[in-house]
Amino acid sequence: TSSTSRILPTMRAATVLLLASSGTGLIPGGRVASRRCVVRMVETVDITMPALSSTMTSGRVVSWLKNVGDKVEAGDPIIVVESDKADMEVESYEDGYLAQVVIGEGEDAAVGATIGVLAPTAEDIAAVQAGGPAAAAPAAPTPEGTAGTPVTMPALSSTMTSGRVVSWLKSVGDKVEAGDPVMVVESDKADMEVEAYDEGYVAAILVEEGSEADVGAPVALLAETEADIAAVAAAGAAPAAAPAAA
């Protein structure tokens with residue numbers, strides 16, 4: 001059975017050149033006769049390949065659950081991705097209309113690479129498509145230097161650079177299953193429950209409630225087995241958490 005995750009979008013402003021017809025077409029030499037050129041800025045959302053586990057570096061698009069032109073609302077399942085562990089439905093964080101499918105079904109993409117593009121309105125779809133294919137985003141870095149499996153601060157919106165841990169929904173020693181809510185995070189837009197991608201036991205909480213961490217920074221460590229909790233906790237050095245904003 002497929003699990004569900006959320007997709008991490010990237011906003012980008014695409015400059016699109018539109019030709020508003022007011023007469024004849026092209027004349028020799030490639031010039032446009034009797035046409036008015038209008039430049040519009042279309043703010044698009046890049047749908048990127050998410051990291052569905054701490055070890056995932058690339059994923060395969062199993063299927064698109066939306067077609068070009070379809071309306072997409074935040075929370076809608078949009079694709080099924082095959083990771084190194086399981087197939088998962090991935091949800092959108094943003095509203096919009098699917099304007100481009102950059103990575104087709106059966107194709108692979110690195111984590112962080114652009115796989116699709118959302119346009120803000122249905123009327124903008126053609127303009128976005130005319131602007132050319134989306135540039136691929138760089139692969140997301142894999143946290144290193146921690147023992148066990150790191151639970152990292154996720155990007156809950158396209159503008160989020162850090163988040164505050166509002167509350168932990170699991171305590172040290174608790175068993176965690178993939179898909180379990182493990183914490184509530186305050187982003188720049190809203191408070192959201194964050195689910196675990198991996199199974200294990202909470203060995204260490206690195207960022208306490210009320211403290212902040214950069215996106216991608218480890219906020220907790222999972223041990224593979226209950227017997228490993230003490231060893232993982234001892235080996236994991238807690239990073240300095242940013243103080244909570246007043």
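Student: Does lysine 170 count as buried or exposed?

Tutor: Start from relative accessible area: buried means under 20%, exposed over 50%, and partly exposed in between, using a 1.4 Å probe and protein chains only. Lysine 170 has 19% relative accessibility, so it counts as buried. Keep in mind that this is a predicted model, where local features need pLDDT of at least 70 and side-chain atom pairs count only at pLDDT 80 or more, while totals for chains, interfaces and linings use all residues. Residues are numbered from 1 along each chain as its sequence is written, and side-chain values use heavy atoms, with hydrogens and water left out.

Student: Which residue forms a salt bridge with lysine 170?

Tutor: The general idea is that side chains of opposite charge can pair when their charged atoms come close. The rule here asks for a side-chain nitrogen of Lys or Arg within 4 Å of a carboxyl oxygen of Asp or Glu. Lysine 170 meets it with aspartate 180, their closest N and O atoms being 3.6 Å apart. The pair ties together parts that are 10 residues apart in sequence, because lysine 170 lies in the loop between β12 and β13 and aspartate 180 in the loop between β13 and β14 (181-186). Strands are DSSP runs of E with at least two residues, numbered from the N terminus.

Student: How many salt bridges does this rule give?

Tutor: The count comes to five. One of them joins arginine 60 to aspartate 108, with 2.8 Å between the closest N and O atoms. That pair links distant parts of the chain, 48 residues apart: arginine 60 sits in strand β4 (residues 58-64) and aspartate 108 in strand β9 (residues 108-110). Both partners are partly exposed, arginine 60 at 35% relative accessibility and aspartate 108 at 45%. Another salt bridge, at 3.6 Å from N to O, connects aspartate 76 and lysine 66. Here lysine 66, at 18% relative accessibility, counts as buried. There is also a network of salt bridges linking Arg164, Glu186 and Glu212.

Student: Now the sheets. What is the strand order in the open sheet that contains β18?

Tutor: Strands of a sheet pair through backbone hydrogen bonds, either parallel or antiparallel. Two strands pair if DSSP finds at least two bridges between them. The order you asked for is β11-β18-β16-β13, with antiparallel pairing. Its edge strands, β11 (149-152) and β13 (175-176), each pair on one side only. Strand β18 (residues 218-223) is joined to β16 (residues 200-205) by four bridges, and four bridges also join β18 to β11. Leucine 222 in β18 stands opposite valine 202 and also opposite threonine 149.

Student: Why is β18 described as largely enclosed?

Tutor: Six of the six residues of β18 are buried, so the rest of the structure largely encloses it.

Student: What about the open sheet that contains β12: what is its order?

Tutor: That sheet runs β15-β14-β12-β17, and the pairing is antiparallel. At its edges, β15 (191-195) and β17 (212-214) each pair on one side only. From one strand to the next the twist averages 40°, taken between N-to-C directions of lines fitted to C-alpha atoms, on a scale from 0 to 180 degrees. Strand β12 (residues 162-168) is joined to β17 by three bridges, and glycine 163 stands opposite alanine 213 in β17.

Student: Last topic: which residues line the largest cavity?

Tutor: On a 1 Å grid over the protein atoms alone, a cavity is a set of points where a 1.4 Å probe fits but cannot get out, whereas a pocket is an open set with protein on both sides within 12 Å along at least five of seven lines; lining residues have an atom within 4 Å of a point. Volume is the space filled by probe spheres set on the points, which are joined across faces, edges and corners. The structure holds one cavity of 30 Å³ or more, and the largest has about 40 Å³. Its lining is Val151, Trp168, Lys170, Val176, Val182, Val202, Ala220 and Leu222, so our buried lysine 170 turns up again.
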